[in-house]
Amino acid sequence: RTGSRNLKQNDPTRLEDGFLEDDGAISDDLADTTSYFESMDSKYRGSSKRVESDDLDVREEKDLGPPAKGMEVLKDHYTQVFFPRWQEILKSNVSILVTGLGSKYKLLHEFARVLGGPSDAPAVVVVNGFNPHASARLLVKELLALTPSVSRPSLPVLSSPIATLVRALDRELDKKVVVVIHSIDGAGLHTRENQEALAQVASECSNVVLIASVDHVNAPLLWDDHLWHRFDWCLQTASTFESYSAERRFSLNHGPRMFVKGSMAGASDERKVRGAIMLLTSLSTNAHGIFRILAETESAGVTEQRLFDIGRSRFLTTSMLGLRSILTEMQTHDLIQTTRTDEGTKISINLQPNQLTAVLKSLD
């Protein structure tokens, strides 16, 4: 109908002609609404005829078809219409922010699969922002691994300033990379530090472009004017109406507490073990060695200086700064804790003996 044909051609939320119908439901004349209903009411005439119940075409709910059919139609529309559009936007080196109702995990996952299909396709890196252990620094580490080995910068990822890492990445990366971020407003990436680092990657790395989704209605509050212009998002609305099952499966906590520092607090034993394993898997083998030293002294804890001496003797660390970077990462996620004693501040692992055994077994 005319309502759908009058939509702007470049409107990112526009569906194909005929998919949306106006039927005059939207009007710019707000003053005459009362008279409209009064006139319609005066035209109404009652009828003396009666309709018997046998004449009614009553359909049971099961005959109407499953709601999933409509979602499949919507998914096909996004695949056929939105995917080509998104590919063209990304080729223009413009980052995309996908909004809308429902989880966008399956949609972006399918888009990432389509991107990586052709032989000349760009490299694709997927980040689960709803994972509490995700961070912009780990993303930069993954991107640096894509640089040529002969020119790869030998920088300590955990301790180097993020600006230095991004400059090295922009200088050495010689291929196009698309970073797909599920839930950029999730528990792992919602901090100011991570958002600034991601904005720096998006604005300063010429061969890196982002496509990210947001889930929370107040997600734009993460960015002030400065960050918003650095991301330079192209907004795309794609409501899927799907449940957030994937996001909830990776969350160690649910509800508002999910956004509180120390995401392992109050989690069940199984989730706490899984969270510790996920964190340690993302860290270096030297960090694993430091964790094992802490496990050996679990009964009494160990001071920072003593931990540094043991770690240096085992060639796990060469500077106190590097050790503190590892400890900060662990303490941020409540994997370790500090206790003041007569001998000074001691560091210990924040796990029960059975939990610690399970984590150590996974590192073997």
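A salt bridge is taken here as a side-chain nitrogen of Lys or Arg within 4 Å of a carboxyl oxygen of Asp or Glu. The legends below describe a predicted model, in which local features need pLDDT of at least 70 and side-chain atom pairs count only at pLDDT 80 or more, whereas totals for chains, interfaces and linings use all residues. Residues are numbered from 1 along each chain as its sequence is written, and side-chain values use heavy atoms, with hydrogens and water left out.

**View A. The salt bridge between Glu296 and Arg314.** The side chains of Glu296 and Arg314 form a salt bridge with an N to O distance of 3.1 Å. Glu296 belongs to helix α11 (residues 285–296) and Arg314 to the loop between α12 (304–313) and α13 (320–332), so the pair ties together parts that are 18 residues apart in sequence. Helices (H or I, at least four residues) and strands (E, at least two) are DSSP runs, numbered from the N terminus. Glu296 is exposed at 52% relative accessibility, and Arg314 is partly exposed at 40%. These classes rest on relative accessible area: buried means under 20%, exposed over 50%, and partly exposed in between (1.4 Å probe, protein chains only).

**View B. The salt bridge between Arg324 and Glu304.** An N to O distance of 3.2 Å separates the side chains of Arg324 and Glu304 in this salt bridge. Arg324 lies in helix α13 and Glu304 in helix α12, so the pair ties together parts that are 20 residues apart in sequence. Arg324 is partly exposed, with a relative accessible area of 43%; Glu304 is also partly exposed, at 24%. Elsewhere, salt bridges that share partners join Arg192, Glu196 and Asp224 into one network.

**View C. The salt bridge between Arg113 and Glu110 within helix α4.** The two side chains, of Arg113 and Glu110, meet at 2.5 Å, N to O. Both residues lie in helix α4 (residues 105–115), three residues apart, about one turn of the helix. Arg113 is exposed, with a relative accessibility of 53%, while Glu110 is partly exposed at 23%. The count for the structure comes to ten salt bridges.

**View D. The buried face of helix α12.** Leu307, Phe308, Ile310 and Gly311 are buried in α12. Seen down the helix axis, the buried residues of α12 fall within an arc of 170°, so they line one face of the helix. The arc is that of the directions from the helix axis to the C-beta atoms. Elements covering these buried residues include α11, β6 (302–303), α13 and β8 (344–349). Phe315 follows α12 and has a positive phi, near 60°.

View E. The structure holds ten aromatic pairs. One of them joins Phe82 and Trp86 in an edge-to-face arrangement, with 5.8 Å centre to centre and 70° between the planes. Rings of Phe, Tyr and Trp (its six-membered ring) pair if their centres lie within 6.5 Å; planes under 30 degrees apart count as stacked, over 60 as edge-to-face and the rest as tilted. Phe82 and Trp86 are four residues apart in helix α3 (residues 68–91), so about one helical turn separates them. Phe82 is buried at 1% relative accessible area, and Trp86 is buried at 0%. Ring pairs link Tyr78, Phe82, Phe83, Trp86 and Phe111 into a cluster. Arg85 lies over the face of Phe82, at 4.8 Å from the ring centre; the criterion is NZ of Lys or CZ of Arg within 6 Å of the ring centre and within 35 degrees of the ring normal.

View F. His182 lies in strand β3 (residues 177–182) and is buried, with a relative accessible area of 1%. Not counting residues up to four places away in sequence, His182 touches Lys104, Tyr105, Leu108, His109, Val126, Val127, Asn128, Gly129, Phe130 and Ser213. Contact means heavy atoms within 4.5 Å.

**View G. Cys205 and Cys234.** Cys205 is buried at 3% relative accessibility, whereas Cys234 is partly exposed at 22%. A search of the whole structure finds zero disulfides, a disulfide being a pair of cysteine sulfur atoms within 2.5 Å.
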